Amino acid sequence: TEAIGLYNIGYSCCLNSLLQVFFMNIRFTRILRRITVPLYAEQKKKNVPYQMLLLLEEMQCGKQKAVYPIALAYCLSVYKVKLFVQHDAAQLFLTLWNLIKRQMKKPELVEELSDLYTICIQEHLACQKCSFEEKRNSSMVTLPLPLLDSSCRMLKTLKDCLQYFFHPEELTDHNMCFCDQCGRKTPFLQSMKLVHLPQTLTIHLKRFCFEKAAHIHKLSHYLPFPQDLDFNAVLTESQCQADDNEKAGWQYDLFAVVAHSGSISYGHYCAYIRSLTEYKWYCFNDSEVCQVSWDDVKSTYGHSNLHWGETAYLLIYMKKHPQ
């Protein structure tokens, strides 16, 4: 009847935020409820989907404001996901997703999970000296968007980041590739074309970037993102490799924001999630859950002078008209 929090059990704010994003996604929980339950107690302890299902049921049946994700944390520790460690939300999301997918025994559920989250891209490499062109399809679970262009200038909107990600890049000088047709290294044009977008689209804003001497710093600058996102209005025809039927489903509503506050060495995560049944925004901050406004969500746009302020790190969008 109301949103339930998760207690922080040792720097588990990152895990807690991601779990809430999974659990508030009705399409994900429909898959989770149909998993094969392991036969033996030892198998149950080490099965991530099963432990997630137990935790979800405890949250839905409990009377308390929050529950302890201890059994799931123990399960994840078997796969080197440790407590008392600062995790990166994008990396932990991929780790969780891969563990869930690998441990689901029913092929139809694995397929449904892939359809729910997987993005398909076609990579193009074209020699600029001859007609040779190489194409390769690849898939990803998050769309990793740079926040700086090749000249280290800050990109100003989510649309700018998306257009830059799909913008062709010239490979010249020391970046030239070997062309089998020319028999030597030549300049190439590298580009990516969008083939398929899933029901639940996860965008990774790459706010942590490397400098010289392997130093990492956080980009906290202002980067607005819309509640409504239409890829047909963002990308050009040349940046897409999809038919009209596929493109008709490329309209999205913002579902969740996983926000990071703090620095590289010490930080905190929380999640802003829009309920799919009430259409209200909630902030999930470990054990504390409260209703918030869109203005509160917009506070995660970032500000270059507020290095400890909350900045959006993962954006999760959902298709408006699922096919």
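Tutor: Buried means under 20% relative accessible area. Keep in mind that this is a predicted model.

Student: Is His-260 buried or exposed, then?

Tutor: His-260 has a relative accessible area of 4%, so it counts as buried. Its place is in strand β14, residues 251-262.

Student: Which residues does His-260 touch, beyond those up to four places away in sequence?

Tutor: Among them are Phe-208, Lys-218, Tyr-269, Gly-309 and Thr-311. With Lys-218 there is also a polar contact between side chains, at 2.9 Å. As for Gly-309, 49 residues separate it from His-260 in sequence. In space, the C-alpha atoms of the two are 8.0 Å apart.

Student: Where does Thr-311 lie?

Tutor: Thr-311 lies in strand β18, residues 311-319. Its relative accessible area is 1%, so Thr-311 is buried. Its contacts include His-260, Lys-218, Arg-207 and Val-258.

Student: Now the nonpolar side chains. What is the general idea?

Tutor: In soluble globular proteins, nonpolar side chains tend to be buried together. Here, the largest nonpolar core has 55 residues. Phe-22, Phe-23, Phe-28, Met-52 and Tyr-117 touch the most other members. Take Phe-22: its contacts beyond four places in sequence include Phe-28, Met-52, Phe-93, Leu-96 and Tyr-117. A second, separate core has 42 residues, including Trp-250 and Trp-281.

Student: Which residues make the nonpolar surface patch?

Tutor: Tyr-11, Phe-84 and Tyr-266 make it, and its area is about 380 Å².

Student: Why does Phe-84 count as exposed?

Tutor: The cut-off for exposed is over 50%. Phe-84 has 61% relative accessibility, so it counts as exposed. Phe-84 is found in the loop between α5 (70-77) and α6 (89-103).

Conventions. Residues are numbered from 1 along each chain as its sequence is written. This is a predicted model: local features need pLDDT of at least 70, side-chain atom pairs count only at pLDDT 80 or more; totals for chains, interfaces and linings use all residues. Side-chain values use heavy atoms; hydrogens and water are left out. Helices (H or I, at least four residues) and strands (E, at least two) are DSSP runs, numbered from the N terminus. Buried means under 20% relative accessible area, exposed over 50%, partly exposed in between (1.4 Å probe, protein chains only). Contact means heavy atoms within 4.5 Å. Patches are made of residues with over 30% relative accessible area and no salt bridge: like charges are joined within 9 Å, nonpolar side chains (Val, Leu, Ile, Met, Phe, Trp, Tyr) within 5 Å. Accessible areas come from the Shrake-Rupley method with a 1.4 Å probe; for residues, only the protein chains shown count as cover. A salt bridge is a side-chain nitrogen of Lys or Arg within 4 Å of a carboxyl oxygen of Asp or Glu. A nonpolar core is a set of buried Ala, Val, Leu, Ile, Met, Phe, Trp, Tyr and Cys residues joined through side-chain atoms within 4.5 Å. A polar contact is a pair of N or O atoms within 3.5 Å; within protein, one must be able to donate a hydrogen and the other to accept it, and residues adjacent in sequence count only if both atoms are side-chain atoms.
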